[in-house]
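Here is a friendly walk through one protein chain, from its overall make-up down to a few individual residues. Have the structure open as you read.

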Amino acid sequence: MFSRAVLLCLFLVLSCLPVADAGAAQQSSEKALREHYDLQEGKRLYGEYCRFCHGEQGKGHAFNVTPPPADLTSPAVQRKSDIELAQTIHEGERGTAMGSWKWALSKEEKQYVLLYIRWLAQSRPLVPAPSP
């Protein structure tokens, strides 16, 4: 009797595993989709607010000012914490041409831009354009 109960419990547990895996796979896929759209929004905002000075690839060679715009893909910039980079986007950088975007970008939009700046430093293909 005891062995039947153990076998029945084991069967029930094993029969539930694919359902749990399917749920985890769906959550993973939803997370990947959300990150894709967040990255797309970051790319759009970067293009609108940052590309003019920092360039298409974030290398900082697009606009001729002194000191030159930061290379956003450089180790020095990428070593900064998300809080430090978000603060720079919000307040600007004293003694440079980097102005404050606190009046133009919401907190959420700054996070999208930050996500895109982090993405620029990774060696990946370009973010595909959104589908029409």
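Helices here are DSSP runs of H or I with at least four residues, numbered from the N terminus. With that in hand, R118 has its place in helix α5. Please keep in mind that this is a predicted model.

**Overall make-up**

The protein chain has five helices and zero strands, and its elements run α-α-α-α-α from the N terminus on. Of the 132 residues in the chain, 24% are buried. The chain exposes about 9,600 Å², and carbon and sulfur atoms supply 61% of that area. Among contacts between residues at least 6 apart in sequence, 48% join residues at least 24 apart.

**The core and helix α5**

Which residues have the most contacts inside the largest nonpolar core? They are Y46, V113 and Y116, in a core of 16 residues. The elements that give two or more residues to this core are α1 (2–49), α4 (82–91) and α5 (107–120). Helix α5 gives the most, with seven residues.

Helix α5 itself has 14 residues and reaches 20 Å from its first C-alpha to its last, close to the 20 Å expected at 1.5 Å a residue. Its buried residues are K110, Y112, V113, L114, Y116, I117, R118, W119 and L120.

Is R118 buried or exposed? Buried means under 20% relative accessible area, so R118, at 18%, counts as buried. A polar atom of the R118 side chain lies 2.6 Å from the backbone oxygen of K80. Leaving aside residues up to four places away in sequence, R118 touches V77, Q78, K80, S81, D82 and L85.

A121 is found in the segment after α5. How far apart are the C-alpha atoms of A121 and T73? They are separated by 4.3 Å, although these residues are 48 apart along the chain. With residues up to four places away in sequence not counted, A121 touches T73 and Q78. Q78 is also among the residues that R118 touches.

**The cysteines and a cis peptide bond**

How many disulfides are there? The count comes to zero. C50 is in no disulfide, and the nearest cysteine sulfur, that of C53, is 8.8 Å away. A disulfide needs two cysteine sulfur atoms within 2.5 Å, so the 8.8 Å between the sulfur of C53 and that of C50 is too far for a bond.

The loop between α2 (51–54) and α3 (75–78) holds P67. A cis peptide bond joins T66 and P67, with omega at about -10°.

**Accessibility side by side**

| Residue | Relative accessibility | Class |
|---|---|---|
| R118 | 18% | buried |
| C50 | 12% | buried |
| C53 | 24% | partly exposed |
| A121 | 35% | partly exposed |

Technical notes:
Residues are numbered from 1 along each chain as its sequence is written. This is a predicted model: local features need pLDDT of at least 70, side-chain atom pairs count only at pLDDT 80 or more; totals for chains, interfaces and linings use all residues. Side-chain values use heavy atoms; hydrogens and water are left out. Buried means under 20% relative accessible area, exposed over 50%, partly exposed in between (1.4 Å probe, protein chains only). Contact means heavy atoms within 4.5 Å. Accessible areas come from the Shrake-Rupley method with a 1.4 Å probe; for residues, only the protein chains shown count as cover. A nonpolar core is a set of buried Ala, Val, Leu, Ile, Met, Phe, Trp, Tyr and Cys residues joined through side-chain atoms within 4.5 Å. A polar contact is a pair of N or O atoms within 3.5 Å; within protein, one must be able to donate a hydrogen and the other to accept it, and residues adjacent in sequence count only if both atoms are side-chain atoms. The expected span of a helix is 1.5 Å times one less than its number of residues.
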